[in-house]
Structure formats: structure tokens, C-alpha cells
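Here is a short briefing on charge pairs, a charged patch and a helix. Keep the structure open while reading.

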Amino acid sequence: MAMEITQALLAAQSPDTQTRTAAEASLKQFQEQNLPQFLLSLSVELSNEQKPPESRRLAGIILKNSLDAKDSARKEYLTQQWVSVDPSIKFQIKESLLRTLGSSAAEARHTSSQVIAKVASIEIPRKEWQDLIGKLLGNVTQTFAPGFLKQATLEALGYVCEEVAPQDLEQDQVNAILTAVVQGMTSAEPNSDVRLAAIRALYNALDFAQQNFENQVERNFIMKVVCETAVSKESAEIRQAAFECLVAIASIYYDYLEPYMQTLFNLTAEAVRGDEEQVALQAIEFWSTLAEEEMERQDDCVALDELNSPVLHFHFIDKALESLVPMLLETLLKQEEDQDQDDTVWNLSMAGGTCLGLVSKTVGDKVVPLVMPFVERNIAKADWHSREAATFAFGSILEGPSVEKLSPLARSGFEFLLSAMKDQNSHVRDTTAWTLGRVFELVHRPASGDPIVNEKNLPGIMTVLLESIRDVPNVAEKVCGALYFLAQGYEDAGPASKALTPYYESIIAALLSTADRVDVSNVRLRASAYETLNEVVRCSYAPETLNTTAQLLQEIIRRVIQTVELQVVSSDDKEKQSDLQALLCGVLQVIIQKLGSSEGKSVILQAADQMMMVFLRVFGCRSSTVHEEAMLAIGALAYVTGADFAKYMSEFYRFLEMGLTNFEEYQVCSISVGVVGDICRALDDKILPYCDGIMTILLKDLSNAMLNRSVKPPIFSCFGDIALAIGEKFDKYLIYAAPMMQSASEMCMHLDTTDDDMVEYINQLRRGIFEAYSGMLQGFKNSNSEIMIPYARSLVQFIEAVFKDNISDDLVTKAAVAALGDVADALGGGIKVLLANSSFYNELLSECLLSEDYTLKETAEWAHTLIQHALQS
Amino acid sequence: MPPSPSPSPPRPARRTPENARKKAYKEQTDVTNGRRRREAQLLQLRKSRREDTLSKRRRDDASSPSTEPESDIGPARPESDRPSSSDPPPLACATDADSNKLLGIINGLKSENISLQLEATIKIRKILSVDGNSLAEEVITADVVARLVELLSSKKNPRGPQLQVEAAWALTNITAGTSEHTEVVTNAGAVPKLVKLLESPRSDVREQAMWALGNIAAESQRCRELVIDHGGLVQLLSQFNEHAKVSNLRMATWTLSNLCFGKLPSKSQTKAVLQILQQLLNSIDEKILSDTCWAVSYLCNHGTDEIQMVIESQICCRLVKLLMHSSPKVVTPVILALANVSAADDCQVQFLIDSGILQCLLKLLTRNYQKCIRNQACMTVSNICAGTAAQIQAIIDAKMVPLLIQLSQHGESDIKKEAIWAIANATSGGSPDQIRSLVGDGCIIALCNALVLSDADLLYACLNGLESILKVGEMEKMKDEAGTNPYAVLMEECGGLDKLENLQGFNNDAIFEKTIKLLESYWVEEGSEYEAPKEPSPDDT
């Protein structure tokens, strides 16, 4: 029996805190005491036309949240919870939801269609609720069904398609859905709400339509109806939804597009030129999507190199180029005032320019002659729109075409761009600064014989950039970007590496004061300033910039201390503090790495105590992002200090432990695991006193189902690091670690290898496991290698299985071969019994000996020799 | 309850959402993704440091007898020669060793009493084979090593040879360590003494010396030259005589193959080595045979001079026969060597053909060999196809073309590529008659199918092949009443023309130009391409 919960639902929305808290508590209690009844009561509330809209709304929301959650573990829990509800109650709930689709209240209909989809997402893959589709279709195909019932039902169908995977529906169900949906889209349907719902449902159903698209008659019909809808006179919303469908079709059914391209070009061109903005934006999106699809296909053609199943590639962008580019150029002239200062704006000129960039990446050189006349015509016009459009067009085509093609253009336009940094219009200056950054990034080539920036024009460039960095924030941000790429170009650039040295101090000063600007409302400028600082330091010519970098180190330390001493009142303050600390710790990390690997090492060693103190104080502020950045910096510091790092361990250990146990913020955990490895290599056996604690946490992390899986491979590698560091002392952990390695290696054999992400994960996991074995075998090698004998067989079997299933990348193969060599190295003659009657290792080794990967070959040679010796012993 | 089906994976969002596009607007991603980039850099650094640490450990003992912790054995020495089989377990000695003991050992080593010397040397050898780095590092000092080297030339004494073996053994273990360790040994002047030991009347002494020299030679080119300069090669070659035991021969062959890894200083040395290798190629011992073949394949890697000498030494015939050996350990180095020979000049390729290599390759390609072997075999075929018209004829006569065509369609990807290279090479260089025969076997389709590849060099080769074919087609045109180029028609029919037209979009100038040239020379203006070509014009006739 359903319970009356209207009052509680209403009270839970009361402005009075006390009432609200009490109501929330009573609802929670009901939920915990009797979940099935609770859910039923919610569904009854939602379906009851007599109830107030507020209580129905909340009932719907709670119902939805009882079925689905973003977090995958939580979602799995909710799924199981629903599955275990008594079937007769589930039936009542579902009937009540279906009934609600016919409610006169629009909101209740909408909510119920969403909830239906959530239930379907649980039940349909389990082959339950098989009559759902039939029932929904019944609503739509009834001749005299009221419009709002049809609308809500189509919406529900769309959501169901969004939630369910294609393989979970039968083809005849798909056919029926498509027929009903397409029927709802045609002009025979008088109600425009129904038509809108139909086209949106089609959007979600497209993934199911593979077979229908393979059939020419059906495909023609679908395309015809979508194209007609795209020019429907009724409402821009309907046309927009139709274009959204075309965008989706361009990426899912590219293979079938060819016969329709002429029509599609005309449709999109008309929309871009004449329709309302929301429609025009989707029409541009069609071409952006097509360009991305073709780029991907080009990459696939290169990567696959498959003769028998060549990837289809029609070069649509290429073929449409001469009409497409002018259309996009027109959109560039439709800027809005101040669009660059407002992050929420998305308009025709922005979409058009972005699309032009994609087109240029797709076709390369061919785009240049089609764009340059536009640039030349508009670049000097009185109207700022023209000047901005011209610059934007030029900037957009800098990626894709060859440097040979672009370089003369960039060279001849370069002085003009510099002078345009003083344009009276800030939008023009913004785009110009961005374009300069693109030139530095993509065309400059400092190490070549004839770079665009040379000793003659560099002084002028620096004057302009250091002046413009004081411009309005959005322009200043782009100038930071330009400095970033300018500096990056001089990294290892041969004799040109020193080019920026004379400006090093003034660039640093300018970036530090940019980071301090008080007019910065947008946090991005500060981040850009610090990140640019990092790049400038990282790419500087070390011998000559050493002293300045050492001074910068002191300045940054001073700034971190300042943040610690800041008064923090609100949570907003707290966030600002931690963001700033993250940026500053980032700079410290870069300086540690820069100086630590050169003659500046002594600078770092001298400042190590100071830095460590600063990091520990930052940890004291406890925030995950700071935690990460400071952790990373500590990892870098440990490499420089080596065994001396031991003196920080007693204080640092507690934070390391905090990081390792933070499974909710898995990136923190992951970074901390990495730092354990860094410290192992720095400390060697001096890490021993901390190993009990570390190993305990790592083992717990491995068996924690809530921890993101990406952290697990590094944990295995970390076992290897620890074993290498402490050698035979690892023996007491072996009985815990080795079974984990064995079960993980077995688990990899049963994962889904059709999913690319999964394959990537399997590879990482395998590499981690092999590294763990290698570290242990080498760690025990000289003292107590017999201890590994019980685990060697399963390692050899694992290597064989990995070799035979053919999904490994070279890195995994190398790790496997190395582990094989390590077994022979550690066990010597003991491997005879392991390798008796098996020949796989010879195949594996001879294959690797012929590899073109030098390091793989070398590893194989080493392993080969060891095994031969071991077998002959 | 029945097991629940696993929830279907969430589908990826299909549409690029507006905000993702927005991010692409004037994007400067690198600038804003600093943290990710820094993290990636640190990860990279971490990875290489982990590898460094591991490979340092691995180098510690690699390829040496000291890698066997349980038995203190040396190389594959006959049991009767084993001098220390009755020694107590080494662990007791090594683990108990403290610095006092070490001092005692070193004193024993330095004494003039041969028994004490022997005892100390054995102890040192055991420390080196079983103990951890800490003790080993203390032993590997210039002093100790210098003394060990001295002991290599111990005076005449009944126990002298035993001491020599033990000292050489200890040095073997050291040379199996890091480069620095090896350097300590070479700096102590061990090489000439070890070479001298190769003259010893006792086979166990010679064998242990060879092992040490083999380890040293494996270190670097400088070390190999050091061994050779002190006459090591000459002495080593003299080990191969009718009195030698199999174990000695195995060791000598292994050491010789290590010396061959680098270029030998003079031609006469290469010649002398080849003479020995030529004999060894007839060995029935698989280990000797395999190391011999590796030595040959190393030699073939050094350059055309060496390849020429390999051919002159008349071992190619034997190598070709060894292609049919039952062990992949032999076949692998052999096919590597022959692939190198086949890449050399036409004359050398002819030797191979005359030795009957084509029939062997045919078998390697059609039977169940490992992929790497088949791949090298196919590469050898494609090298031969790049040769003279007579060599192409040999390929045709060997009925290899249908196999190549089949591999070009259905082989694994590397092999597929090599097969296409072979077909492209053969058609590019074939005579008109040969081209007619190749076309008859289906080369046009194979080449046309390859036009969708992305490897520019290979594509160009295919276009060259097609060009030769079309040229021959023009000759046919004269004979044909309709005046059509039959090969151009064939290309159209198999979809080759479409693929050719698509190549106009390929981003490579040479290919673009070649494509245009073909299209313009053999197909008239677009639109009329399926009509009979109108040339030659009435004026000409």
C-alpha cells in the first residue's frame, strides 16, 4: 500500500530550516525502513492529478535519484536495490509512471518520461519490461491520442533510447520506434510540440538505426524527412533539432552520406546565411563534425594500413572547399561587441572561425589561397569588424597547411600584426595577440636556418609584448600565450637557445606583476601568467639564466609563505588560497627540475629545507589540488636531494599517508603512489622504517573497489620500486603482494578486449604487474632468491598468456621479456623445470630479437643470454 | 537468484557539445593544461629512472655464471673438469663473510703459498657468484683484480692450472658485471694474460679463459678491439681443431660470435674467421650451429665488403640449405644474414638464386614458420625482385608470383607490405614479356588494391609498377583493333582508376605528380573516360 507523503514532500521544500530538516529526516526514515513502499508512494504521488505540483515535482526527483547516480559505484548500488524490490510493487510503480504520461500537467509528464527511461536502463538489459516499447508505441499510434500524450511518449522513447545500448533492443522494436518517430515528424502531424518531441527522439534513436541506414530505401526516407524538417517553417526549435540530427548522422553514418551531400550543402548554406542563429550554429556544427570525422579517418587510414577493409573517406570537406570557405568567412564578420570578455557567448563568428580552423587542419595547403584574399581585403578597413575578421581568419588557418606555405605569409604580415597590437579596438588586439601566439607556436621554427623571429626583429617584438601584457585582462591573457609559445620554441633550439636570455629578467618581472594584477576578475589570467612563467623557466638557456632563476626561487617561496599567512574566512577565500598555492607549487616543481639537473643543483640543495618547510605548511592547509601540486614538487625534490631526503621523512610521512589513503580523490592517491616510487629511488633502504605503513595502505588500496582503477597499475609498479629499494627485507610483504599480482594477472585475462579503453587499461595493468615481479626478482636476487620460486611458475604462465593473446603493445612485451630475463637471472638453473616442455619463450625471444625497437631488442638479447646460461648450468 | 547480466557500458556522448567547441575557440590549451603536462613529464622521468635502476641491477650479474645462486658452476664444462664440485655450499661462505674475513681472504690472495692463493681465489669467486653487491663491490678493487690477473700466469706447479681456472673464473664473474667492473679488469691487463691462457694444454683452463674473453668482447667495440689486438682472435681460431671437445667448441663459437658483433679490423681477419665459420656450418651441434649462424649474420650486417667475402667464402650455398633446418634458433640468424645479402648488388643476389634460395623461400613462406622468419623471407624475395630482368624471370619461373599476390591480399600486415614491395619491384623492372606474364597472374589488381595504403614510398613503388604495366599496354594497343590499352581497361574494371583518382588528394608531391602523369597519359579528360580513346587522331593515320 502506498503511503500518503504529500505533507512531508511539501515540508521538505519549506523555507523554514527546521521544518525542512524534520521533513527530510522523516522521508529518509521512510526510505530506509521500507524502500519498496517508499518508491511506490512516490510514484503514486507523481501520478495523482489532485496533488499540488510542488509535491509531485519533488516525488519525481527523488524517484529519479533512487534509480540513477553519476558515480558508477553508487549507480550499481541503486540498480541492485531496484532489482531486489518485489516484482508486484515494481509493476505498480511502472504502471503508474506510464499513466502519468497522459497527465494534464506538463511537468509531471516530463518527469515521468525521464523516470521511465531510468527504469528501462536497469530492466531492458536484463530482458525485463519487454512490453514497454509496445506500450509506448501504442500511445503514439492511436489516431485519437491527445497531442500531449503523444509528445510525452515520444519524449519517453527518446530518453529510453538514450539510456539503453543498441544491442539491448530487438531489430523489430527498433524498426517500430523509428517508424513511429518518423511518422511524428512528418507534416501529417498537426501538433508542433509532437513534431519537436519526435525529432528529438529521433536524435536519440539514431544509434539504433544501423540496419535501417544500411538499407537504401529506409535511409532515403529518413534523410528525406530530416531534411524536410530542417526547413520546416514552424519553429526555429524544430529546425535546430533537425540539424542536430544531421550533425549526429554526419558522425555515425558518414559512410552513407555521399548521395545526400549536395542537398546537405545547400541546406546548411541557407541556414548559415539566413536562418536564426540557433539553427545557423548547428549548420556550422555539421561541417565542424564532418571535418573532425574526416581527420579521424585520415589518421585511421595511416594507422590501420589495412588493404582489405579500407576506411571510407570521401573528402567531402575538400570537395566542398570552394563554397564552404567563403560561407565561413562571411560568418566571421558577425561578431558581437565585447564577446571576448564574456565566457558564455557562443555566436556565429566564433563557431565559423572554429570551423575554419578544423577545415584547415583537414585539407592543409588548399585552404590558404581561398582565405588570403579575404584577409588582404579586410585587414586595413575602417570598420573594426573587418579587421578582426581578417586577423581571425588568418590565425585560424595556421594549423594544417605546411610551414613552407605559411612562412612567407607570416613573414610579410608580421610587422602588421605587431602594429595591430595597438589597434584602438580591444577585440582586434585580442585576436591579434592570439594570432601572434599561433605564429610562434606553429610557423616560427627557431631552430631552422631562417626563423620568422630573428635578432633584428626580436627587440621590437619584446617591446610590444611586454607593453601589451598590461592591456585589458583578456588581451593580456593572449599575450601570455604568445610569450609561452615564443619561449617554448627556444627549447633545445641549438645556437638560437640563448635568444631570449637578454629578456629573461624582464619577462619574469612582467609575468609576476601580471599575476599580481588587481583588475583580474577572471582567474585565468593569473593561471596563464604562472604557467607561462613555468615555460619560460623550463625552456631558458640554463647556464646563463641560473642566477635569475635562483632569485625567482626565493621570490616564489616568499609568495607561498604569503598565501599560508593569508587570512581565510570564507570557503571562497579558501579556494582562492589553494588555487594560488597550486600555481606556485607548480613553479617550484619546474624550478627544481630545471636547476636540479644542471649546475644549479647546489641552489636546490641549499633551498631544500626551506622548500620542504613550505610544502609541509601548504599541506597543513589541506586541499586536494594543493596536495597534488605540492606532492608532485616533492617527488621532483627527492630526486635532487637523494638519500638526504631521509631527514624530511618523519614529518612528511603523515601527509604521504593522507595522500595514499585518499581514494575518493583518486588523482591525489595516484600522485602519492608515484611519489613513493620517487622516494624509494632517492632513499634506497633508508625507506625501510616507513615500509610497513606504506605497504599496508597500498595493499588496502588495491582491494578497494571504490578506488578508480587507473591507480592500480602504478601501485603494482610501486611494489617493484619498494622491493628494489629494500631488497631481501621485502620478504615479509611478499606473501601479501604476490597473491594480489597473481589474481590481477588472472583478472586481465577475462576483461573485455573489444573496448579500446579496456585494452589500454589491461596493458597498463600488465606492465605494472611485470614491473612488480621484476623489482622483486632483482631485489631478492643476491640474497634470497629462492623465496621467489613459489611465484615463478605463475609468472612464467602469465608471460606465456600475455604473449599468446596478442593485445599487448611493445611496452608490455618489453616488460614481459624483461621479467622473463629476471626469472632466469634470479633463479638460474631453477628455471629449467619452469621452461621444460614449453617453447613459447623461444618464439617470444626470437620475435623480439627481430624487433625494430632497439630497446626491446636489447632487452631480448639480454634475457636470451641469461636463459641460455641458466639452461646449460 | 540467477546471475545478473552486467550493466551495459555507458555510451559515449556522441555530439561534440557546444562547450567543447567553445573551448576550441582561440584555444591555447597548452597554456592552461600546465599541471597535466608537468605531471606527464614527471611520469616520464619516473619511468626512465625506474628503468635505470632495474637495468643497473640487471647488469650486475648478467650473462655470467654468478647468476646461479645455488650451484657455483661455470660455463657448460664437462663434469670431470669441474674443479670445485665437492666444495661446501657457497652461501655459508658468502653470508658469513665479514670484513675481517675479507681481509683474511685478501691476505691469502697476496701470499706466496699456492694453497693459500687457491683457497682465497675460490672464496673470492664464490663471493662474486652469490653474494650481494656490498661484498662484491669491496672485492672488485684494483688491488684484488690486479692480483687475480697475476695469478693467471702462475708458475709451474701441479696445482697451477687449477689456480688459473679459479682466477679466470673470478674474473669472468667480474666481467659479467657493470661496464665499470669490466673496465677494472681490462685496466689490470687481464686481456693479454687471458689470451695467453688459450695456449694452455688444459681444456678447462682454455675454456674458462674463452668465457672471460667472450664477456669482455660483449662489452663494447673498444673491448673487442683490445682482445683482437692482443692476438685473441688468432688464438681463438686455433681452438677449432680436431682435438677439441664439444664443450670447448661451443664456448669458442660463442666467444667468436661476440667478437664478430663489431666490424673486424682487417679483411684478412674476416677471411680467417669465415674459413672457420664455413667448417662450423657443417656441425651437427645445434648450439654451435646457431652461434655460428649468428656470427655470420653479424658479419653481413657490417657492409657490402663483408657480404662480398661471405659470398666468396662459398658458404651461401650452405646457408641456403640451413634455411630448411628444423630449429628456429638456426633459421632465424640464417634468414637475417641472407636478407642482408639479398639487399646487396645484383651479382651477389645471383649467387643466392644459383644456390636455389627461391625454392627454400617458397617453403618458408608457405609453411607454418614464425612470423618474423616469414617476414624476413618475404623481404628477401622483394629484394630479389628489385634485381635484373633475369632475376625477375627466376622469380616467375619459381612460380612465386601467385604466392606473392595471395600474400599481398591476405598476409599479416608486415608480410603483406613486403609482398606488395616485391610485386611493385618486379613490375617496375620487368621486361615487356615479363610484365605480360605478371599481369596474367593478377598483378594489376594487387597493385591497385595497394593504392589505398598510406606508406608513401611503397605507394610510389606501386605507381611505378603500374606505369611500366601501362607502357606495355600501349604496345598492346597498337596490335589491338579497337586501339584500346587493355591494361588501362583492366585497371578501370578492378576499381584501380577510382583509387588512382583518389590519390590526387594524397599529401605528397611526388605521388601527386606521378598520379597526374598516369591519369593524363592513359586516360583522356574526365567524363569521356569510358569511351574508347580517340587517339591516335585521324591525321596521324
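**Salt bridges across the chain**

Arg239(A) is buried, at 11% relative accessibility. This is a predicted model. The whole structure holds 62 salt bridges over all chains. Side chains of opposite charge can pair when their charged atoms come close.

*Arg239(A) and Asp275(A)*

- Arg239(A) forms a salt bridge with Asp275(A), and the closest N and O atoms are 2.7 Å apart.
- Arg239(A) sits in helix H14 (residues 236-252) of chain A, while Asp275(A) is in the loop between helix H15 (261-274) and H16 of chain A, so the pair ties together parts 36 residues apart in sequence.
- Asp275(A) has a relative accessible area of 22%, which makes this residue partly exposed.

- Arg681(A) and Asp721(A) meet through their side chains in a salt bridge, at 3.1 Å from N to O.
- This pair links distant parts of the chain, 40 residues apart: Arg681(A) belongs to helix H32 (residues 666-683) of chain A, and Asp721(A) to helix H34 (residues 712-726) of chain A.
- Buried or exposed? Arg681(A) and Asp721(A) are both buried.
- A network of salt bridges links Asp678(A), Arg681(A), Asp721(A), Glu771(A), Arg46(B) and Arg50(B).

*Arg126(A) and Glu128(A)*

- A salt bridge joins Arg126(A) to Glu128(A), with 3.8 Å between the closest N and O atoms.
- Arg126(A) has a relative accessible area of 16% and is buried, because the cut-off for buried is under 20%.
- Glu128(A) has a relative accessible area of 30% and is partly exposed.

**Negative surface patch**

- Which residues gather in a patch of negative charge on the surface? They are Glu277(A), Glu336(A), Glu337(A), Asp338(A) and Asp342(A).
- Glu277(A) lies in helix H16 (residues 277-304) of chain A.
- At 39% relative accessibility, Glu277(A) is partly exposed.

**Helix H38(A)**

- Helix H38 (residues 810-827) of chain A has 18 residues, which should span 26 Å at 1.5 Å a residue.
- The end C-alpha atoms of H38(A) are 26 Å apart, in agreement with that value.
- Of the 18 residues of H38(A), 16 are buried, so the helix is largely enclosed by the rest of the structure.
- Gly828(A) follows H38(A) and has a positive phi, near 55°.

Terms used. Residues are numbered from 1 along each chain as its sequence is written. Chains are lettered from A and ligands numbered from 1 in the order in which they are written. This is a predicted model: local features need pLDDT of at least 70, side-chain atom pairs count only at pLDDT 80 or more; totals for chains, interfaces and linings use all residues. Side-chain values use heavy atoms; hydrogens and water are left out. Patches are made of residues with over 30% relative accessible area and no salt bridge: like charges are joined within 9 Å, nonpolar side chains (Val, Leu, Ile, Met, Phe, Trp, Tyr) within 5 Å. Accessible areas come from the Shrake-Rupley method with a 1.4 Å probe; for residues, only the protein chains shown count as cover. A salt bridge is a side-chain nitrogen of Lys or Arg within 4 Å of a carboxyl oxygen of Asp or Glu. Lys and Arg count as positive and Asp and Glu as negative; His and the chain ends are not counted. The place of a charge is taken as NZ of Lys, CZ of Arg, CG of Asp or CD of Glu. Helices (H or I, at least four residues) and strands (E, at least two) are DSSP runs, numbered from the N terminus. Buried means under 20% relative accessible area, exposed over 50%, partly exposed in between (1.4 Å probe, protein chains only). The expected span of a helix is 1.5 Å times one less than its number of residues.
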